[in-house]
Amino acid sequence: MTQIIRFDSGFPTLIDYGNQFWNINEQYSVEFYPNYIMPVLLISADCDNLKQHLEEICNDDEPIALDLEWNDYISLFQFCTSKGCLIIRNHQPTENIIMRSFLESHSFYGKGNHNDRQKLAQMFGDTFKIALEDVEQTRLIPNKCSINFIKMSEEFAGKSTAVFKDKEMTFSDWDTETLTMRQVMYAAFDVVALVKCY
């Protein structure tokens, strides 16, 4: 049974999870918003069943929320649909053929993803094509909505159960040997919030 992480009174705080590690192939269900619990699975890009995990996140023709974390090259791929959140650790600067095929054959959306596109092109080359909607350009700006991620999240998804978006996490080491649970929840929130807003 998957453990549920909550942030109500009497439960550990998000800061407490900065000292606990989230291991590869571990899954937790996180209450990111009140009564909105999302399963989050952390895997490695070089695992044998990568294709299966990617297929399991798909939900018919539903577009997939996408975000990336990186230092020099892409360290994490974050995907989310109504079926769950999949976080993929990447340790290679060169392309992964299974990942490339998945990215080129599905539709995605993100927010303010100019830099993400550059990182994807850096990894997969100039011929790489992805159907990636930038909701900042297509939905927020045309409707005069805030392009600040937290303001967007609160306007369309409501108040989260913890302050997942934290600058300390933004600039954390995404290539460290083992990610903390706080890092993984930060990365997951980027796409979970997008799904709830979308």
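Predicted model: local features only at pLDDT ≥ 70, side-chain atom pairs only at ≥ 80, totals over all residues.

**Entry 1: Glu69 and who it meets**

I started with the side chain of Glu69, which makes a polar contact with the side chain of Gln78 at 3.1 Å. Glu69 sits in strand β4.

Is Glu69 buried or exposed? I looked up its relative accessibility and got 7%, so Glu69 counts as buried, the cut-off being under 20%.

Next I listed what Glu69 touches, skipping neighbours within four places in sequence. The contacts include Ile74, Ser75, Leu76 and Gln78. Trp174, Tyr186, Ala187 and Asp190 are on the list of Glu69 contacts too. I also checked Phe102: it is 33 residues from Glu69 in sequence, and the two C-alpha atoms are 18 Å apart.

**Entry 2: the sheet**

I then traced the sheet that the strands build. It is an open one of 8 strands with mixed pairing, and I read the order as β1-β2-β3-β6-β5-β4-β7-β8. At the edges I found β1 (3–5) and β8 (131–134); each has a single partner strand, so one side of each has no neighbour in the sheet. From one strand to the next, the twist averages 30 degrees.

I zoomed in on one pair. Strands β2 (residues 27–33) and β3 (residues 36–44) run antiparallel and are joined by 6 bridges. In this pair, Tyr28 stands opposite Val40 of β3.

Which strands does helix α1 touch? Helix α1 (residues 50–57) packs on the sheet against β3, β5 (74–81) and β6 (84–89), and its direction makes about 150 degrees with that of β6. Then I followed helix α7 (residues 181–197), which lies across β1, β2, β3, β4 (64–70), β5, β6 and β7 (107–110). Helix α7 runs at about 145 degrees to β4.

**Entry 3: the cores**

I wanted to know who is well connected inside. The largest nonpolar core has 42 residues, and Phe7, Trp22, Phe32, Val40, Cys85 and Met185 touch the most other members. Elements that each supply at least two residues of this core include β2, β3, α4 (135–140) and α5 (149–156). The largest share comes from α7, with 13 residues.

**Entry 4: two loop residues**

Asn35, in the loop between β2 and β3, has a phi near 60 degrees. Its relative accessibility is 75%, so Asn35 counts as exposed, the cut-off being over 50%.

Asp60 is in the loop between α1 and β4. The phi of Asp60 is near 55 degrees, also positive. Asp60 is exposed, with a relative accessible area of 76%.

**Entry 5: the whole chain**

Last, I zoomed out. I count 7 helices and 8 strands in the chain. The radius of gyration is 16 Å, close to the 16 Å from the globule rule for 198 residues, so the chain is as compact as a globular protein of that length. Along its principal axes, the C-alpha trace spans about 50 × 40 × 35 Å. Of the 198 residues, 48% count as buried. I also looked at contacts between residues at least 6 apart in sequence: 65% of these join residues at least 24 apart.

Note on methods. Residues numbered from 1 in each chain as written. Heavy atoms only, no water. Pairing = 2+ DSSP bridges. Helix = DSSP H or I, 4+ residues; strand = E, 2+ residues; numbered from the N terminus. Axes fitted to C-alpha atoms, helices over the stretch in contact; angles between N-to-C directions. Contact = heavy atoms within 4.5 Å. Buried < 20%, exposed > 50% of the residue type's maximum accessible area, 1.4 Å probe, protein only. Polar contact = N/O pair within 3.5 Å; in protein donor to acceptor, adjacent residues only side chain to side chain. Core = buried A, V, L, I, M, F, W, Y, C linked by side-chain atoms within 4.5 Å. Rg over C-alpha atoms; globule rule 2.2 N^0.38 Å.
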